[in-house]
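Let's take a friendly walk through the charged side chains of this protein. Have a look at the model below, and then we will go through the pairs one at a time.

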Amino acid sequence: MERLGFSRKWIDLVLRCVTTSSFSVLINGAAKGLIQPQSVLRQGCPLSPYLFILCVELFSNLLMQAETKQLIHGLKFSGDLSISHLLFADDSLIFTRATTEDYTHLKALFDCYATASDQIFNYEKSSMFFSGQVQSSQVAAIQSIFQFNVVSKHEKYLGLPSMVGRKRTTFFKDIKLRVLSKISNWRDKIFSSGGKETLIKAVAQAVPAYAMSVFRIPLGLCDDIQKAIANFWWGAKKDQRTIH
């Protein structure tokens with residue numbers, strides 16, 4: 001906080017909030033012990049999110065400084081644009097070259113941040129992803145530095161894939177199935193025109209809305225969703241068609 005320009009008086013007020021609180025632990029329904037924190041806030045404290053953002057700002061600055069000094073190398077785009085990390089709440093994506101030198105410097109940054117913030121990285125919940133051009137011997141050498149699990153693809157984040165290849169229809173097929181599943185559950189029920197309109201706008205069209213704000217959904221997938229919604233609106237069933 002001193003390096004970020006906060007006054008000493010403000011820092012002392014924050015430290016008083018940290019050190020004057022105390023809490024106990026429930027063991028089999030009974031409160032045991034009296035813990036007096038020294039450098040962290042208790043869960044649920046209104047100050048916790050703000051102090052966490054300050055700590056993450058330190059982590060982000062460490063990565064940017066390392067990239068400026070060419071200790072690590074992020075994803076290169078056109079011109080001088082490069083990305084070394086993306087932060088989403090308490091989740092982080094870090095990009096660097098698949099070399100032992102870059103990962104050795106990156107491990108040093110992790111250790112530096114952990115020492116300064118008292119936040120320890122959870123290596124069991126972290127993973128590494130390599131492009132298909134990286135040799136297996138290089139992957140093994142890098143894995144020995146971090147002891148992370150190597151995955152063939154990243155898990156979904158907020159219901160969407162972290163990376164999408166050329167076959168986009170395969171990745172977004174789940175969105176189509178979710179819309180079709182909801183519509184199929186409505187077909188055997190009787191709704192007024194107003195009820196159908198509400199379901200279409202509030203549910204069917206809302207399912208792909210978030211994905212469409214992040215990715216360009218294939219037009220064929222959009223057409224399939226549109227046809228299913230139109231059939232539901234005009235009352236078409238599997239064994240019966242109506243004029244749209």
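How many salt bridges does the structure hold? In this predicted model, the count is 6. Let's visit some of them.

Start with Arg97, which forms a salt bridge with Asp102. The closest N and O atoms of Arg97 and Asp102 are 3.8 Å apart, and a pair counts as a salt bridge when that distance is within 4 Å.

Next, move along to helix α3, which spans residues 100-117. Here Lys107 pairs with Asp111, and their closest N and O atoms lie 3.2 Å apart. Lys107 and Asp111 are 4 residues apart in this helix, so about one helical turn separates them. Asp111 is partly exposed, at 35% relative accessible area.

Now turn to helix α7, made up of residues 193-204. The side chains of Glu197 and Lys201 meet there in a salt bridge, with 2.8 Å from N to O. Glu197 and Lys201 are likewise 4 residues apart, about one turn of the helix. At 36% relative accessibility Glu197 is partly exposed, while Lys201, at 52%, is exposed.

Finally, look at Glu2, Arg8 and Asp12: salt bridges with shared partners join these residues into one network.

Note on methods. Residues are numbered from 1 along each chain as its sequence is written. This is a predicted model: local features need pLDDT of at least 70, side-chain atom pairs count only at pLDDT 80 or more; totals for chains, interfaces and linings use all residues. Side-chain values use heavy atoms; hydrogens and water are left out. Helices (H or I, at least four residues) and strands (E, at least two) are DSSP runs, numbered from the N terminus. Buried means under 20% relative accessible area, exposed over 50%, partly exposed in between (1.4 Å probe, protein chains only).
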